[in-house]
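User: Please take a close look at one helix of this model. I would also like the setting: the fold of the partner chain and the contact between the chains.

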Amino acid sequence: MWSGDYRFVISSLVAKDFKSRYRNMSLGVLWSLLNPLIMMSVLTFIFTQIFGNPGDKDYPLAVLCGLVPFNFFAIASLSGTTSLLENSFLIKKVPVPRQIFPVASVLSNCLHLLIQIGLLLAAIVIFGRGVNINWLWLPVIWALEILFVLGLAFLYSAVNVYVRDTRYVVESANTILFWLVPIFYSFSRIPAQYQAVYQFNPVAALVLMMRTILLEGQPPHLGTLRNLLLVSFVTFGIGYFVFHKLKNGFYEYI
Amino acid sequence: MAPLVEFQNVSKWFPHTTGRALLRTHITRWLGASRKDNFVALKHISFRLDPGESLAVIGSNGAGKSTLLSLAAGLAVPNEGTIAVNGRVAALLELGSGFHPDLTGAENLILNAALLGLSRKKTMDLSEKIVEFSGIGDFINEPLRTYSSGMVMRLAFSISINTDPDIMMLDEVLAVGDSSFQTKCHDALADFQRAGKSLLFVSHAPAQVREMCEKAIWLDHGELMMEGDAEAVLDAYSGGMALKQQAGNQAI
């Protein structure tokens, strides 16, 4: 039915998200950099000065390796969830395929992600870790993570049209996830019997692989990579299927 | 020739609970699944619109006119029956159609054109023409929330007509602009029709219907009362209204 230019539509929607978010912000895109830096400083202070050992020089970098994936996941999954309702003014007016709204929302968060990854890589290089060949794995693991988030965005946004509480469920889940992802503690602190469960959590798996690649200079563990691959594709499949099943009722419930 | 728009036995109903997006509502609907508490907006509607023809939809408030347009525009999906639309549709259904208040007129223009299915190149080629037609001037670089409702309509109409659709769907939007812009709209729509394009048009103004459409359908409480020549349908409709009023007066 709709035969338009998908790339043009999605890039216009991404531009819309980006502009409408930053138009009235004095610091603009700087917020993308400030947020992780502030969190990193606070967590470093608490866990080296109050709880941990003050000598841990790597702690800020390790925290940043955790914060960047977590921030992306939390913000992209939440804005994906609300993407349909936020674009209700368009859904009510234009018969454009509904899938483009969660996709554009996740992609516009990828712009912030690029800025934050830039910050992280700059910090890694500045603090003397240097570039290594395993950095080539970064696009692969991030592509899988984005696929995972896209799947969740499809699922959550469609359900959120019918049950508006979904948004708050996602918010609460993200708050809990902050503690369950090894952001401010290292993976080795997790008791052995829980480690397998952690590896099936794509956010935790990503944090783990980021540290392996950036701090240890090693390729990611293949078992973890396989789990991430599996979970990402399955989530995307389920999300897309549910979205497809529910999309015919969007007009009535929005 | 294949029809531009064809409705075959189309019915559309809404659950009465619409607007309450609660888990409980959905569960009880799944479990109970009674169809009785549905509000039927359209009942077994069939009609066709051929290329080069224009069709008016008339009827009193709540007759199902806007529902019919939203189905024809591909926004909602019918519960029964089939709808075929061949050609590119530009629908101007209500005011403010698809504009973001924080974006400027120019940014909204690009977003809208993209959503209507235009390529980036075509949009850039057309944007000057659209802005000029709208007569908005320098306001095009101001955010939409600073626009008056007349200016919003000007921009929306300019985008729709200049993207060169095969069918224009209009839902009583022309009444908003000032008289000079209304004249401009009518001229543009007349040119559009002369180019062999079609209008699907909801209106309460008989003069407008006579002027712009050769065919009309009359809806009443979701039922198709009459389909045919615009003049005949208008006469029947005003006759029906007069009868209803008489009956009402007698009842009092």
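**Fold, helix and contact**

Analyst: In this predicted model, chain B contains 8 helices and 9 strands. Its radius of gyration is 20 Å, close to the 18 Å that the globule rule gives for 252 residues, so chain B is as compact as a globular protein of that length. The C-alpha trace of chain B spans about 55 × 50 × 45 Å along its principal axes. Of the 252 residues in chain B, 40% are buried. Among contacts in chain B with a separation of 6 or more, 74% join residues 24 or more positions apart.

The helix for the close look is H11 of chain A, residues 222-246. H11(A) has 25 residues, and the distance from its first C-alpha to its last is 36 Å, close to the 36 Å expected at 1.5 Å a residue. The buried positions in H11(A) are A:Thr224, A:Leu228, A:Ser232, A:Phe236, A:Gly239 and A:Phe243. An α-helix has 3.6 residues a turn, so residues three or four places apart point the same way.

As for the contact between the chains, 27 residues come from chain A and 28 residues from chain B. On the side of chain A that touches chain B, helices H1 (6-22), H5 (88-91) and H12 (250-253) of chain A each supply at least two residues. H1(A) gives the largest share of that side, 6 residues. By type, the residues of the side of chain A that touches chain B are 13 nonpolar, 5 polar and 9 charged.

Note on methods: Residues are numbered from 1 along each chain as its sequence is written. Chains are lettered from A and ligands numbered from 1 in the order in which they are written. This is a predicted model: local features need pLDDT of at least 70, side-chain atom pairs count only at pLDDT 80 or more; totals for chains, interfaces and linings use all residues. Helices (H or I, at least four residues) and strands (E, at least two) are DSSP runs, numbered from the N terminus. The radius of gyration is taken over C-alpha atoms; the globule rule is 2.2 Å times the number of residues to the power 0.38. A residue is buried if 20 or more other C-beta atoms lie within 10 Å of its own, exposed if 12 or fewer, and partly exposed in between; C-beta atoms are placed from the backbone. Two residues are in contact if their C-beta atoms, placed from the backbone, lie within 7 Å. The expected span of a helix is 1.5 Å times one less than its number of residues. Ala, Val, Leu, Ile, Met, Phe, Trp, Tyr, Cys and Pro count as nonpolar, Asp, Glu, Lys and Arg as charged, and the others, Gly among them, as polar.
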